[in-house]
Amino acid sequence: MRARLANNLIVLCLSLVAVTAASAQATQQPAKPFEPQVGQAGKDVVWVPTPQPLVEKMLDMAKVTPQDFVMDLGSGDGRTVITAAKRGATAMGIEYNPDMVDLSKKNAAAAGVTAKATFMKADLFETDLSKAQVITMFLLPSINMRLRPKILDLKPGTRIVTNSFTMEDWEADQSETVTEDCTSWCTAHLWIVPAKVEGTWQLPQGALTLKQQFQNVTGTLGSAQVTGKLRGSEIEFTAGGQKYTGTVSGNSIKGTSNGQSWTASRK
């Protein structure tokens with residue numbers, strides 16, 4: 001009887017040891033690496049990656065150079081930031097999901113661009129965009145519209161490129177669609193933030209009164225009707241059959257018309 005009891009105790013002890021060892025082994029097993037899923041929920045949008053051919057097209061349209069600071073809003077797995085960094089630009093991704101931020105950092109390290117590509121967990125509506133020369137986005141139209149006032153206050157000439165979605169009545173300066181190696185989300189739109197020129201300007205020829213609708217301008221120069229466009233700080237308009245081109249700098253414009261220099265100052 002005592003021998004049987006001892007045997008039972010030994011079996012019980014061995015079972016407990018085995019269970020404890022199995023539990024410890026399960027605890028020590030590394031967690032499965034995070035893998036993003038297309039359509040996964042985010043703070044304001046679901047995640048859908050931009051096709052790589054369109055990433056390249058967006059950066060081409062923005063004419064990204066090594067002198068540019070590029071910001072990607074809602075940077076996801078980091079592909080746009082990494083691609084910009086490979087072109088020599090300094091690039092930063094703004095992403096609310098911390099798992100995506102960590103994944104982007106790993107992807108940048110694997111691509112060898114950590115010196116040029118950084119990622120920050122942040123709310124894009126609370127992020128300072130003023131240092132960027134180029135901003136890229138793949139956000140819903142409603143998000144674009146919430147950002148639009150902030151974008152229009154950026155330095156004239158800042159380039160904004162979106163995947164697919166527009167800025168409603170702010171017409172794009174350029175739109176292009178990729179047809180090779182791209183089956184969905186294949187159109188990019190570019191805007192150049194225009195200078196603010198609405199108001200009355202004094203020219204030697206008389207008063208230049210301008211009304212502005214984003215990059216489009218209308219008005220009068222003396223009694224002549226004015227129509228024109230802005231591309232960043234560059235302005236071009238016609239008045240009385242004469243073409244004027246110039247560069248806006250705050251409350252002054254300097255340019256040429258028919259080979260003659262002209263200047264204007266805002267009243």
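Visitor: What makes strand 8 (residues 199-203) and strand 15 (residues 260-266) a pair?
Guide: They run antiparallel and are joined by 2 bridges. Two strands pair if DSSP finds at least two bridges between them, so these two qualify. Residues are numbered from 1 along each chain as its sequence is written, and side-chain values use heavy atoms, with hydrogens and water left out.

Visitor: How do you know that strand 14 (residues 252-257) pairs with strand 15?
Guide: Same test: 6 bridges link them in the antiparallel sense, so the pairing holds. Ser257 has Gln260 as its bridge partner in strand 15. The two strands form a hairpin with 2 residues between them, and Asn258 in the turn has a positive phi of about 55°.

Visitor: Why are strand 3 (117-121) and strand 6 (174-177) said to stand at the edges?
Guide: Start with the open sheet of 7 strands, whose order is 3-2-1-4-5-7-6 with mixed pairing. Strands 3 and 6 each have a single partner strand, so one side of each lacks a neighbour in the sheet. Neighbouring strands here are turned by 20° against each other on average, direction ignored.

Visitor: What makes helix 3 (residues 79-86) part of the picture around this sheet?
Guide: Helix 3 packs on the sheet, touching strands 1, 2 (90-95), 3 and 4, and its direction makes about 155° with that of strand 3. Axes are lines fitted to C-alpha atoms, for helices over the stretch in contact, with angles from 0 to 180 degrees between N-to-C directions. Helix 5 (residues 141-152) also packs on the sheet, touching strand 1, strand 4 and strand 5 (159-163), at about 175° to strand 4.

Visitor: Why is helix 3 called mostly covered?
Guide: Of its 8 residues, 6 are buried. Buried means under 20% relative accessible area, exposed over 50%, and partly exposed in between (1.4 Å probe, protein chains only). Among the buried ones are Val81, Ile82 and Ala84. The buried residues pack against elements including helix 2 (52-61) and helix 4 (98-111). Just after helix 3, Gly88 takes a positive phi of about 100°.

Visitor: What makes the link between the side chains of Ser164 and Asn163 a polar contact?
Guide: Their separation is 2.6 Å. A polar contact is a pair of N or O atoms within 3.5 Å, one able to donate a hydrogen and the other to accept it within protein; residues adjacent in sequence count only if both atoms are side-chain atoms. This one runs side chain to side chain, so it counts. Ser164 lies in the loop between strand 5 and strand 6. Leaving out residues up to four places away in sequence, Ser164 touches Trp185, Cys186, Thr187 and His189; contact means heavy atoms within 4.5 Å.

Visitor: How do you know that residues 1-22 need caution?
Guide: Their pLDDT stays under 50, with 0 contacts beyond four places in sequence. pLDDT is the predictor's confidence in each residue, from 0 to 100. Where pLDDT is low, the predicted coordinates should not be read in detail. The protein as a whole averages 88, and 83% of the residues score at least 70.

Conventions: This is a predicted model: local features need pLDDT of at least 70, side-chain atom pairs count only at pLDDT 80 or more; totals for chains, interfaces and linings use all residues. Helices (H or I, at least four residues) and strands (E, at least two) are DSSP runs, numbered from the N terminus.
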